[in-house]
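Here is a friendly walk through one protein model. Keep the picture beside you and look up each residue as you meet it.

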Amino acid sequence: MLDLHRFMVLTRTLEERLEVLFKQGHIVGGLYRSLGQEATAVGSAFALEEGDWLAPSIRDMGALFVRGLAPEEMLRQYTARGTSLCAGKDNTTHFTVPELGLLGPISPLGTQLCVLNGVAFAFRRRGTDRVCLTYQGEGASRTGASHEGFAMAAALDLPVVIVLEHNRWSFGTRSDRAAAVEDWAHTAVAYGLPARSVDGNDVLEVWEATGEAVSRARSGGGPGVVVAETYRMLGHAQHDAQRYVPAEELEEWRARDPIRRFEKVLLDEGFLSQAGIEEVHADVTAEVAAAAERALDEPYPVPEEARTRVYADPGDDPPIPWTRTDPVAGDYLGGAA
Amino acid sequence: MSGSDPAGPSPPRPVPSPADDAARAAGAQTPLVEVTYLEAIREAMRAEMRRDDRVFLLGEDIGVYGGAFKITEGFLEEFGPDRVIDTPISEAAIVGAAIGAAHMGLRPVAEMQFIDFIAPAFDMIVNFAAKSRYRTGIGAGLVIRGPCGGGARSGPFHSQNVESYFANVPGLKMVAPATARDAAGLLIAAIRDPDPVLYFEHKFLYRRVKEALPPGDEIVVPLGRARTHRPGDALTIVTWGAMVWKCAAAADRIAAEDGAECEVIDLRSLRPLDADAIVNGVRRTGRLLVVHEAPGFGGLAGEICAQVNERAFEWLDAPVRRVTALDTPVPFAPTLEDWFLPQEEDIVAAARWLLAY
């Protein structure tokens, strides 16, 4: 319970720090916040076990922290440091960290589901019961890649769970202008997959529903979908002041803020006192400030790095310890024999 | 060699010839078997799957049906449904699953039923597979293979050559075998390669090209190395795929009728491009003709011309010429398709023009 809270607070605090850094000119490129959606990312990721894989979308930073990512990694990414997980070659959450079971998405939407299917397939080939979890906004769920990903996951009955984050907005377009569905769980029904809609701002409900889908997938029950009803409280990115969003709607959803709601539960159930809650915020703020200071001290990559790593160098791709338990005699890797 | 070539510039070296290949095959002391181009692909894939259980296949109708061209006939029975996977008609999902499996250490070979259908998977290939190692350090060693090319009266969507669509994408490799030996050897090299390889097999050659080969698992043709299909000193013809055979026929005719020997270089690999082999050829003959089956505008001949211009301009005794398909979609009716495709006549005419320059 306390970890759920801490990870949500960490997500919001770090994003607020990133916003400050953005205004100070330290952030390279855009900044995409998940304000209001922290419970969906954190609650769903909590349903996974060690060794499972997760592919985030753009507003799922909280899920990455649950999986063990250090906060300063996000700071390095957003400030394009040479020490970042993408070595300065890509931004935001686009890194793949096999040790943490993280598959990085790319900007064309819906594609990571297709790739995660292959990860899940490999798990099953190896006889493990690991599960893969990925996210899509309802906007992303309209791409061809997304539909094909659903079709493949269903056809191969893969251990994949899709969290469909219905946050009402696809960049500047309200989703009901771009689709003729009211219940986004219908996306799953079309592929014969079970779906359950939950209050995406209730971290416990998200956790519980995702856990149900994860358990089913783990026990061979195939893919499942969780539709998280939530709201994107800020514009698409920092450059977007979201003037197209009705103020009363924002007010309505502000009252359902996932962190404040959960803090009330923690208080009511006696998990934390008000002072305890404030202490968490203070701790996390200090942690984030220190991490930001460290990241900003690190250098950009040297220009020559732009040319590296396009193709494998000899010695790249050694047997993969986290996956490959049976390297075949004779190493096939490192180029043609 | 371009700056993106992982091997870097390599010194001039002899290009393997068919005679070398034959000698090597003879030295292998294995009974040779006459196989078609199609059988060479099948047997190479089978041999590699027997040797390495990380190798698996996925695609449309490849399992129960055995593949639209029956390349994977019998594979489901031998390797089982975990390694021969019938998929939905979802090319993006096929390539996506191959990428994910490759990340996890498997060796996927994805089939596009016709290479034209690679278009729906374009995003997965150019944005996910090709950029994965650069962005994240995690490679995507996979093969996407499929029948390309015209001459089979198959119309605009079952006849294309797609190499130029992908030529401008760093991170990809591309091969296009012309012989049964290269069909086997390049496929095995592609499967073992740690980077994504597009393998273009020419459907016109499937049953028309035959060669006596040792069992497929003994052949590995390194990626990025061209092959001299026919030696000559008067003119260098650079080509690949089915055009190799038309160029060879044209060169034979010129030898018989004009007494001039044209060299035919079969690139085999399109990325990395064996620019050294091309440049060395031009430095020997002073004349270059590039022949390819895709339309000329934006085709690979342009890149080849540019590299020769940069590295061998002083050796040229004539302008570089191209013979390519018309700048149109691939038409259906036999009269139209024959007019569209480069023919022996066109190659002979261009070669004679160059020889007379």
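A:Arg76 and A:Glu73 are separated by about one helical turn, because these residues sit 3 residues apart in helix H4 of chain A. Their side chains meet in a salt bridge, with 3.3 Å from N to O. The term salt bridge means a side-chain nitrogen of Lys or Arg within 4 Å of a carboxyl oxygen of Asp or Glu. Over all chains, a search of the whole structure finds 46 salt bridges. Helices (H or I, at least four residues) and strands (E, at least two) are DSSP runs, numbered from the N terminus.

Before going on, a word on the ground rules. This is a predicted model, in which local features need pLDDT of at least 70 and side-chain atom pairs count only at pLDDT 80 or more, while totals for chains, interfaces and linings use all residues. Residues are numbered from 1 along each chain as its sequence is written, chains are lettered from A and ligands numbered from 1 in the order in which they are written, and side-chain values use heavy atoms, with hydrogens and water left out.

**Where the chains meet**

How many residues of chain B are in contact with chain A? There are 54 of them, and they touch 51 residues of chain A, where contact means heavy atoms within 4.5 Å. The size of an interface is often given as the accessible area lost when the parts come together. Here the area buried between chain B and chain A is about 4400 Å², and carbon and sulfur atoms give 64% of that area. Buried area is the accessible area (1.4 Å probe) that two parts lose on being put together, summed over both. B:Met104, B:Tyr134 and B:Arg135 supply 20% of the area that chain B buries against chain A, more than any other three residues.

B:Arg135 also forms a salt bridge with A:Asp90, and the closest N and O atoms are 2.6 Å apart. Between chain B and chain A the count is 1 salt bridge. The rule also finds 17 residue pairs in polar contact across this interface, both residues being at pLDDT 80 or more. A polar contact is a pair of N or O atoms within 3.5 Å; within protein, one must be able to donate a hydrogen and the other to accept it, and residues adjacent in sequence count only if both atoms are side-chain atoms.

On the side of chain B that touches chain A, the largest share, 10 residues, comes from H4(B). The residues of that side divide into 23 nonpolar, 13 polar and 18 charged. For this sorting, Ala, Val, Leu, Ile, Met, Phe, Trp, Tyr, Cys and Pro count as nonpolar, Asp, Glu, Lys and Arg as charged, and the others, Gly among them, as polar.

**Enclosed spaces**

Rolling a probe the size of a water molecule over the atoms shows where empty space is left. A cavity is a set of points, on a 1 Å grid over the protein atoms alone, where a 1.4 Å probe fits but cannot get out, and its lining residues have an atom within 4 Å of a point. Grid points are joined across faces, edges and corners, and a volume is the space filled by probe spheres set on the points. The count comes to 2 cavities of 30 Å³ or more.

| Cavity | Volume | Largest share of lining |
|---|---|---|
| Largest cavity | about 90 Å³ | 3 residues from E7(B) |
| Second largest cavity | about 40 Å³ | 3 residues from H5(A) |

Of the 15 residues that line the largest cavity, the closest to its centre are B:Cys148, B:Asn161, B:His202, B:Trp240 and B:Gly241. The lining of the second largest cavity includes A:Asn117, A:Phe121, B:Phe56 and B:Ile85. The residues of this second lining divide into 7 nonpolar, 2 polar and no charged.

**Backbone and loops**

Most residues other than glycine have a negative phi, and most peptide bonds are trans. A:Ala87, a residue other than glycine, has a positive phi near 55°. The peptide bond from B:Arg271 to B:Pro272 is cis, with omega near 0°.

Lastly, A:Arg168 is found in the loop between strand E3 (160-166) and strand E4 (169-170) of chain A. A polar contact of 2.5 Å joins the side chains of A:Arg168 and A:Glu229. These residues are 61 residues apart along the chain, and their C-alpha atoms are separated by 8.5 Å.

Definitions and conventions
1 Å grid on protein atoms, 1.4 Å probe; cavity = no way out; pocket = protein on both sides within 12 Å on 5 of 7 lines; lining within 4 Å.
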